[in-house]
Amino acid sequence: MIVADHPLITHKLTMLRDKSTPSSVFRKLADELVTLLAYEATRDVRVIPHHIETPVAPTEGVILAEPHPLIVPILRAGLGMLDGMLRLMPSAETGFLGMVRDEQTLQPTVYAERLPADLTGRQCYVLDPMLATGGSLIAAIEYIFDRGAKDVTAVCLLGAPEGVEAVKAAVGNRDVTLVLGSLDERLNEHGYIVPGLGDAGDRLYGVAG
Ligand code: PRP
Ligand code: URA
């Protein structure tokens with residue numbers, strides 16, 4: 001697990017957490033934060049050697065290996081992180097998973113799925129701002145591994161220790177990396193991250209009802 005330790009990330013997270021921050025600013029901050037986190041998250045992205053000629057001399061560089069990475073935002077709130085991730089890896093493809101957590105049982109259900117059927121050998125990046133109980137992320141990881149993915153990196157703005165432990169226990173020795181902007185204190189009795197930022201989907205897009 002990587003917890004990003006950078007003053008700019010902490011600064012932007014502080015603005016994001018503030019309950020007086022309006023949705024328009026919240027969306028911009030989430031977008032900027034994911035680009036900063038993506039830099040850490042893509043440290044092990046697969047590349048292959050690539051020969052080029054500069055105006056001065058031939059040289060060996062690298063390009064992204066095929067198949068290109070797959071980015072999977074978990075709807076709704078993960079959508080707020082998609083553009084920032086694609087900005088860093090414009091040639092990545094995108095698959096979608098729609099999940100909602102029952103606020104009483106805290107169990108996630110999948111209401112939409114648009115992923116390539118075959119993810120054999122694929123590097124996947126799951127985006128979800130909130131890792132609370134871990135139920136949603138665990139379900140997403142299972143979906144992706146069931147289709148043959150090679151490894152999964154989950155990028156979350158905030159995580160709770162309870163959720164991190166649940167994800168670690170569920171994935172076992174499979175190749176999963178967690179990249180967090182902050183590891184917060186705990187979950188409260190309603191399954192919300194403390195201090196957290198509230199309901200990420202509502203803060204991005206308004207109350208769903
Ligand atoms: C939020 C969040 C995560 C999930 C985290 O989504 O975006 O997907 O809760 O909770 P968990 O770790 O306990 O599963 P929510 O269900 O509120 O849906 P939304 O994104 O549509 O608002
Ligand atoms: N989902 C959210 O949006 N926020 C939390 O704190 C927990 C789950």
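Helices here are DSSP runs of H or I with at least four residues, strands are runs of E with at least two, and both are numbered from the N terminus. The model is predicted: local features need pLDDT of at least 70, side-chain atom pairs count only at pLDDT 80 or more, and totals for chains, interfaces and linings use all residues. Residues are numbered from 1 along each chain as its sequence is written, chains are lettered from A and ligands numbered from 1 in the order in which they are written, and side-chain values use heavy atoms, with hydrogens and water left out.

View 1. The bond that joins V194 to P195 is cis, and its omega is about 0 degrees. Most peptide bonds are trans.

View 2. From E66 to P67 the peptide bond is cis, with omega near -10 degrees. P67 belongs to the loop that runs between β3 (58-64) and β4 (70-75).

**View 3. L106, a residue with positive phi.** L106 is not a glycine, yet its phi is positive, near 65 degrees. Its place is the loop between β6 (96-101) and β7 (108-114). L106 counts as buried because its relative accessibility is 18%; buried means under 20% relative accessible area, exposed over 50%, and partly exposed in between, with a 1.4 Å probe and protein chains only.

**View 4. The surroundings of ligand 1.** The shell around ligand 1 has 16 residues, of which R101, D128, T133, G134 and S136 are the closest; a residue is near a molecule if one of its heavy atoms lies within 4 Å of it. By type, the shell divides into 7 nonpolar, 5 polar and 4 charged residues. Ala, Val, Leu, Ile, Met, Phe, Trp, Tyr, Cys and Pro count as nonpolar, Asp, Glu, Lys and Arg as charged, and the others, Gly among them, as polar. Three elements, β6, β9 (130-131) and α4, each supply at least two residues of the shell around ligand 1. Strand β6 gives the most, with 3 residues.

View 5. A pocket is an open set of points on a 1 Å grid over the protein atoms alone, with protein on both sides within 12 Å along at least five of seven lines, and a molecule sits in a pocket if more than half of its atoms lie within 2 Å of its grid points.

**View 6. Ligand 2 and its neighbours.** Around ligand 2 are R101, M130, A132, G191, Y192, I193, G198, D199 and A200. This shell consists of 5 nonpolar, 2 polar and 2 charged residues. The space taken by ligand 2 is the largest pocket.

**View 7. Backbone atoms beside ligand 2.** A polar backbone atom of G198 lies 2.8 Å from a nitrogen atom of ligand 2. A backbone N or O atom of I193 is 2.8 Å from an oxygen atom of the ligand, and a polar backbone atom of A200 is also 2.8 Å from an oxygen atom of ligand 2. On its own ligand 2 exposes 230 Å², of which the protein buries 88%.

**View 8. R101 in strand β6.** R101 lies in strand β6, among the residues closest to ligand 1 and also in the list around ligand 2. At 17% relative accessibility, R101 counts as buried. The side chain of R101 reaches the backbone oxygen of G191 at 2.9 Å.

**View 9. S182 and D184.** S182 is part of strand β11 (residues 176-183) and counts as buried, at 14% relative accessibility. The side chains of S182 and D184 are joined by a polar contact of 2.7 Å. Such a contact is a pair of N or O atoms within 3.5 Å; within protein, one must be able to donate a hydrogen and the other to accept it, and residues adjacent in sequence count only if both atoms are side-chain atoms.

**View 10. A139 in helix α4.** A139 is in helix α4 (residues 135-146). A139 counts as partly exposed, at 23% relative accessibility. Between A139 and T59 there are 80 residues in sequence position and 44 Å in space, C-alpha to C-alpha.

Technical notes. Areas by Shrake-Rupley, 256 points an atom, 1.4 Å probe, with all protein chains shown as cover. 1 Å grid on protein atoms, 1.4 Å probe; cavity = no way out; pocket = protein on both sides within 12 Å on 5 of 7 lines; lining within 4 Å.
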